[in-house]
Amino acid sequence: MPNIPENGLLNFLQKFEHLPAEVLSAVDSCTSRIALPKKTILLKKGKICDNLYFIEKGMARNYYKAEEKELTIDITVEGALLTSFSSFVSRQPSNEVIELMEDCQLVAIHYNDLQQLYQTYPVMERIGRLIAEHNYNSLKDHNYMLKFNSTTERYEYLFNNKIEIIRRAPIGIIASYLGMSIETLSRIRSKHEI
């Protein structure tokens with residue numbers, strides 16, 4: 001059995017399905033480790049997202065920017081994938097920006113390498129489908145929450161399910177992500193202990 005180095009992406013993929021050593025080795029050979037500082041823009045609006053990233057350490061956000069206004073659509077912490085899924089999959093220019101909110105350690109895999117893995121190993125294609133389904137459901141749940149939950153319910157959901165975001169992200173970005181003003185978020189936060 002080949003000696004597979006520690007790679008957070010490999011561990012993440014195996015949460016969806018067990019991968020044989022041969023597949024683990026092939027995936028590992030297609031990835032690269034990257035350390036980047038806070039404020040790095042991984043993806044600019046209008047560019048095609050060529051990489052899928054796994055955050056081993058740090059935090060990032062995806063946001064829309066129009067004129068001087070920013071709308072945070074996702075906040076990702078270590079242990080999760082980071083990309084512009086619509087751009088990555090469709091090969092179309094992204095409407096969103098990806099920015100690192102902390103110094104980050106990432107594992108990156110290029111779109112072309114992932115497609116080759118899908119063609120060579122059916123189990124990888126299956127995992128890709130499961131990840132896409134998971135991502136879709138997460139997006140659907142977030143959109144539902146923004147439309148139908150009160151501001152207090154939105155904050156409580158984040159508090160109960162993603163406390164690291166509350167502890168680490170700036171209040172303005174959290175407010176944008178939850179679809180509320182900073183003042184409303186400050187009022188709600190004052191009633192909760194972190």
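Lysine 39 is exposed, at 58% relative accessible area. Exposed means over 50%, buried under 20%, and partly exposed in between, with a 1.4 Å probe and protein chains only. The model is predicted: local features need pLDDT of at least 70, side-chain atom pairs count only at pLDDT 80 or more, and totals for chains, interfaces and linings use all residues. Residues are numbered from 1 along each chain as its sequence is written, and side-chain values use heavy atoms, with hydrogens and water left out.

**Backbone**

Most residues other than glycine have a negative phi. Lysine 39 has a positive phi, near 80 degrees. Its place is the loop between strand 1 (31–36) and strand 2 (41–43). Helices (H or I, at least four residues) and strands (E, at least two) are DSSP runs, numbered from the N terminus.

Arginine 91 is not a glycine either, and its phi is positive at about 65 degrees. This arginine lies in the loop between helix 3 (85–90) and strand 7 (96–100). Arginine 91 is partly exposed, with a relative accessibility of 23%.

**Charges over rings**

Arginine 91 also takes part in a side-chain contact: its charged end sits over the ring of tyrosine 111. The criterion is NZ of Lys or CZ of Arg within 6 Å of the ring centre and within 35 degrees of the ring normal. Arginine 61 sits over tyrosine 63 in this sense.

| Charged residue | Ring | Distance to ring centre |
|---|---|---|
| Arginine 61 | Tyrosine 63 | 3.8 Å |
| Arginine 91 | Tyrosine 111 | 4.0 Å |

**Aromatic pairs**

A pair of aromatic rings is described by the distance of the centres and the angle of the planes. Rings of Phe, Tyr and Trp (its six-membered ring) pair if their centres lie within 6.5 Å; planes under 30 degrees apart count as stacked, over 60 as edge-to-face and the rest as tilted. The count comes to 5 aromatic pairs.

One of them joins phenylalanine 12 and phenylalanine 16: the centres are 5.4 Å apart and the planes stand at 65 degrees, so the pair is edge-to-face. Phenylalanine 12 is buried at 11% relative accessible area. Phenylalanine 16 is partly exposed at 26%.

Phenylalanine 12 also pairs with phenylalanine 54; this pair is tilted, with 5.6 Å between centres and 45 degrees between planes. The link spans distant parts of the chain, 42 residues apart: phenylalanine 12 is in helix 1 (residues 8–13) and phenylalanine 54 in strand 3 (residues 51–57). Both phenylalanine 12 and phenylalanine 54 are buried.
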